[in-house]
Amino acid sequence: MPEPTLLQHAQIDWDDQGRPHSRQYDDVYFAVNEGIEETKHVFLGQTRLAERFANLPAHSSLVIGETGFGTGMNFFCAWQLFDQHAPSGARLHFVSVEKYPLGAADMARAVRLWPELAAYTEPLLAQYVAVHPGFQQFTFAGGRVTLTLLIGDVLEQLPQLDAQVDVWFLDGFAPAKNPDMWTPQLFAQLARLSHSGTVLGTFTTTGWVRRSLVEAGFAMKKVPGIGKKWEVMSGAYVGALPTPGAPWYARPPATPGPRQALVIGAGLAGSASAASLARRGWQVTVLERHAAAAQEASGNPQGVLYLKLSAHGTALSQLILSGFGYTRRQLERLQRGQDWDACGVLQLAFDAKEAERQGKLAGAFEHGLLHALQRTEAEAVAGVALPAGGLFYPEGGWVHPPALCQQQLQHPGIRLVTHQEVIELRKVADQWQAWAGERLLASAPVVILAAAAEVRRFDACAGLPLKRIRGQITRLPATVGSRALRTVVCAEGYVAPPRGDEHTLGASFDFNSDNLAPTVAEHQGNLALLDEISTDLAQRLGVATLNPEHLQGRAAFRCTSPDYLPIVGPLADAQAFADTYVVLARDARQVPQAPCPWLDGLYVNSGHGSRGLITAPLSGELLAAWVCGEPLPVPQGVAQACHPNRFALRRLIRGK
């Protein structure tokens, strides 16, 4: 996995015509009077984009790839053209790489130079938060338009992309200003992600760029330009198709039949999976065994948007960074103060080992994501006395998980059916049938198993190494003094500012108990965690006068995997998998090209542990991308690290 790179925002100067000028590249982003016309001519016109949009089949998606997002002009113009020409059921997926993203203030100033594009620029500004390195996905127009920004160097980001691109916008600053981008390595990545119908438009006609594109497999031609650009180039991919990778991580074949799905479980993972499919035009039935959604681990009154990162760029860290941004953008649709609050999260440096870990993180990530605070600074942020300083995550906060689940389930394409406990799945022809004993509950060609550790009751998931960890939270009535707490504070436990008239304190970890009744002992344990966080806050809450036997709380099971990554993706037949790839037990370097024995139409979304608020919403998008054959919203290595097949592979290779 690549080491994390510090985010550098674009350094912008504004000239006397109001144009943004890049200090990094000593060049303007666009011509004030001709910028939109240039985009329409070079990128939209030369790739015949209006015609491509108009000819999109029902429910299909067109994928545009771009090098150099900049101010987003190409994206906004493509979206506008899509609105004007595409059929109602079609979708646009725009993937763009940007090494130096504009800060929020600069982005707002730039895009408001185009008031005629306000219907497209304002939705981006409303979601332009938590844009950090790696893959950052945005959803617009009720899911009809997806933007995936790859934040970082193009030669680091594009090799991690799993997608099939239909149209390339080869943009970015001119080759003379930005020679590190315009390289044979870049053109090889464009070829890897292309197919026989892929087309390309670019403003440059530089000879070595044209020759390199031809060598990579693109047939290029010069065409008349516009304004000061006398000529531009367009082309089409005519080269060899990429060789397939490991078949156990390949895309399963498209599922035949109507676009209908069953989701089993209406917690964070199930509601996110249902919403992501519904946004793509699927009719989704959610089967929930309880009386309402979010009744288990997703039912806590407050969960924390907390980023437990690594300074070494692990798959889990990459997923957390992408998932955090995606969730934060989703939360903008909820009621702040009641359903969520971006009050920040403070992680105390409660011992020397934690302080050392935090020091490494502070050096690996940018200030806007996290930064160290001394004790007095931390107390000023938190509003209460603390035993130490720590790391502050200014974009973090707390969320009321049931509100997020309910918001996702409100899509008109989703039908929630409660009191439905699925005992067995049967495959009949092209349909998966959900049975409760002798009673058929529902059927569909696609099923997503999102019932936490309960997915193991189904044969396809019986071998997944999921474990349950009991956790109990304590609900504490807010006092006049306790309302001074202004941010979530974490040590071994956490306490959040009040939601309404109570604080949430937690959470215990119990690997052995199967009892969900709250216990006095764990309330006492949570109160001890509070004392470690802040004796001042404990006093403000009057903890010494509270009777633990009268405290309110709830217990639920976290569901986690041995590597702490969620399990998201298509499911294979376990015995057929072992038989098909038995050669791996003798030589793990073999990559037999036998197709994976998929259980067609069967997927899982589970194992989110205590990070579900951050990983589950984006995992819904990852799962929908698997189902619909769209660009994956996370790096290829992260998708593979979350894939259900990873455990079967390890068993084969290690002989266990």
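In this briefing, buried means under 20% relative accessible area, exposed means over 50%, and partly exposed lies in between, with a 1.4 Å probe and protein chains only. The model is predicted: local features need pLDDT of at least 70, side-chain atom pairs count only at pLDDT 80 or more, and totals for chains, interfaces and linings use all residues. Residues are numbered from 1 along each chain as its sequence is written, and side-chain values use heavy atoms, with hydrogens and water left out. Helices (H or I, at least four residues) and strands (E, at least two) are DSSP runs, numbered from the N terminus.

**Annotated domain**

- The UniProt record, an unreviewed entry, places "domain: FAD dependent oxidoreductase" at residues 262–626. UniProt positions are given in the numbering used here, feature names are shortened, and annotations may be inferred rather than shown by experiment.

**Salt bridges**

- Side chains of opposite charge can pair when their charged atoms come close. A salt bridge is a side-chain nitrogen of Lys or Arg within 4 Å of a carboxyl oxygen of Asp or Glu.
- The whole structure holds 29 salt bridges.
- Glu621 pairs with Arg280, with 3.0 Å between the closest N and O atoms. This pair links distant parts of the chain, 341 residues apart: Glu621 is in helix H17 (residues 612–628), and Arg280 is in the loop between helix H9 (268–278) and strand S13 (283–287). Glu621 counts as buried because its relative accessibility is 1%, and Arg280 is buried because its relative accessible area is 3%.
- Arg470 pairs with Glu522, the closest N and O atoms being 2.2 Å apart. Here strand S25 (residues 467–477), which holds Arg470, is linked to helix H14, which holds Glu522, and the two residues are 52 residues apart. Both Arg470 and Glu522 are buried.
- Asp501 pairs with Arg483 at 2.8 Å between the closest N and O atoms. Asp501 is in the loop between strand S27 (494–495) and strand S28 (502–506), while Arg483 is in the loop between S25 and strand S26 (488–490). Asp501 is exposed, because its relative accessible area is 59%, and Arg483 is partly exposed, because its value is 41%.
- A network of salt bridges links Arg289, Glu296, Glu421, Glu454, Arg457, Arg468 and Asp514.

**Surface**

- Asp351, Glu492, Asp531 and Glu532 form a negative surface patch. Patches are made of residues with over 30% relative accessible area and no salt bridge, and like charges are joined within 9 Å.
- Asp531 is placed in helix H14 (residues 520–533). Asp531 counts as partly exposed because its relative accessibility is 42%.
- Ala254 is in the loop between strand S11 (229–237) and strand S12 (260–264). With a relative accessible area of 69%, Ala254 is exposed.
- Ala254 and Val131 are 123 residues apart along the chain, and their C-alpha atoms are separated by 32 Å.

**Backbone geometry**

- Most residues other than glycine have a negative phi, and most peptide bonds are trans.
- Gly506 and Ala507 are joined by a cis peptide bond, with omega about -10 degrees. Ala507 lies in the loop between S28 and H14.
- His59 has a positive phi, near 70 degrees, and is in the loop between helix H2 (49–54) and strand S4 (61–67). At 38% relative accessibility, His59 counts as partly exposed.
- Ala141 also has a positive phi, near 55 degrees, and lies in the loop between strand S6 (134–140) and strand S7 (145–151).

Methods
Patches are made of residues with over 30% relative accessible area and no salt bridge: like charges are joined within 9 Å, nonpolar side chains (Val, Leu, Ile, Met, Phe, Trp, Tyr) within 5 Å. Accessible areas come from the Shrake-Rupley method with a 1.4 Å probe; for residues, only the protein chains shown count as cover. Lys and Arg count as positive and Asp and Glu as negative; His and the chain ends are not counted. The place of a charge is taken as NZ of Lys, CZ of Arg, CG of Asp or CD of Glu.
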